[in-house]
Amino acid sequence: NTPPFAGKEGKYVKSRNIKDRLDKELERNLALKVEPGDTADEFVVCGRGTLHLSILIENMRREGYEFCVGPPQVITRSTEKGTEEPYEIAVVEAKQEYMGSVVDLLGQRKGMMQDLSTSVGGDTQTVKYRIPTRGLIGVRNTLLTASKGTVVINTIFDGYDTWAGDINTRANGSLTAFETGSVTSYAV
């Protein structure tokens, strides 16, 4: 736990306390898997998706645990053909005027369009994509922004397939503080 704000909120900040809590969670949460990380104070926690893990994180935060969380990653597997990753079927419904943005965003994330249909009234379209799960991480908010909050997206697991290559998931940069202190608006 080495971020600049470590120890400011939680009462359990040591890796021993976090390990004990994760072991306790393993007793009743059968879908959870915890493995040691690269260092002694690092853990790799696997679950049934970001919602499953975010519920665990929020419960631990409310119980007084403080820890850093890295970005979610998909679970790959190695076969004779090479590395395989999970794919999902994504069905996206949006107004016709925003469909160009939707198709562009899902195409950038290595999605393969399988079907496109227009509603009876002609004002909304439904598009079906087969897309790597990596490409779906964080895409919901981007789609909502591009469609002014009108898009509806549903996904379902489709199986494992060959690695799709690099996926550019972030077009904007990010700002990270490495120490506490005051800052002027000009500096940001």
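## Leucine 143 and the main core

Leaving out neighbours within four places in sequence, leucine 143 is in contact with Val102, Leu105, Val151 and Ile153. The model is predicted. Leu143 belongs to the largest nonpolar core, which has 15 residues. Leu143 is among those with the most contacts inside this core, along with Val92, Val102, Leu106 and Ile153.

Four elements each supply at least two residues of this core: strand S4 (82-95), helix H3 (99-108), strand S6 (124-132) and helix H5 (139-146). The largest share comes from H3, with four residues.

## A second core

A separate core has seven residues. Leu22, Leu32, Val34 and Met60 are among them.

## Glutamate 84

Glutamate 84 sits in strand S4. Its relative accessible area is 6%, so glutamate 84 is buried, given that buried means under 20%.

Which residues does glutamate 84 contact, leaving aside its neighbours within four places in sequence? They are Thr76, Arg77, Thr79, Tyr160, Asp161, Thr162 and Trp163.

## Glutamate 42

Glutamate 42 lies in the loop between strand S1 (33-36) and strand S2 (43-46). Its relative accessibility is 37%, so glutamate 42 counts as partly exposed.

Not counting residues up to four places away in sequence, glutamate 42 touches Pro36 and Gly37. The glutamate 42 side chain also reaches the backbone nitrogen of aspartate 38, at 3.4 Å. Cysteine 68 is 26 residues from glutamate 42 along the chain, and their C-alpha atoms are separated by 9.5 Å.

Terms used:
Residues numbered from 1 in each chain as written. Predicted model: local features only at pLDDT ≥ 70, side-chain atom pairs only at ≥ 80, totals over all residues. Heavy atoms only, no water. Core = buried A, V, L, I, M, F, W, Y, C linked by side-chain atoms within 4.5 Å. Buried < 20%, exposed > 50% of the residue type's maximum accessible area, 1.4 Å probe, protein only. Contact = heavy atoms within 4.5 Å. Polar contact = N/O pair within 3.5 Å; in protein donor to acceptor, adjacent residues only side chain to side chain.
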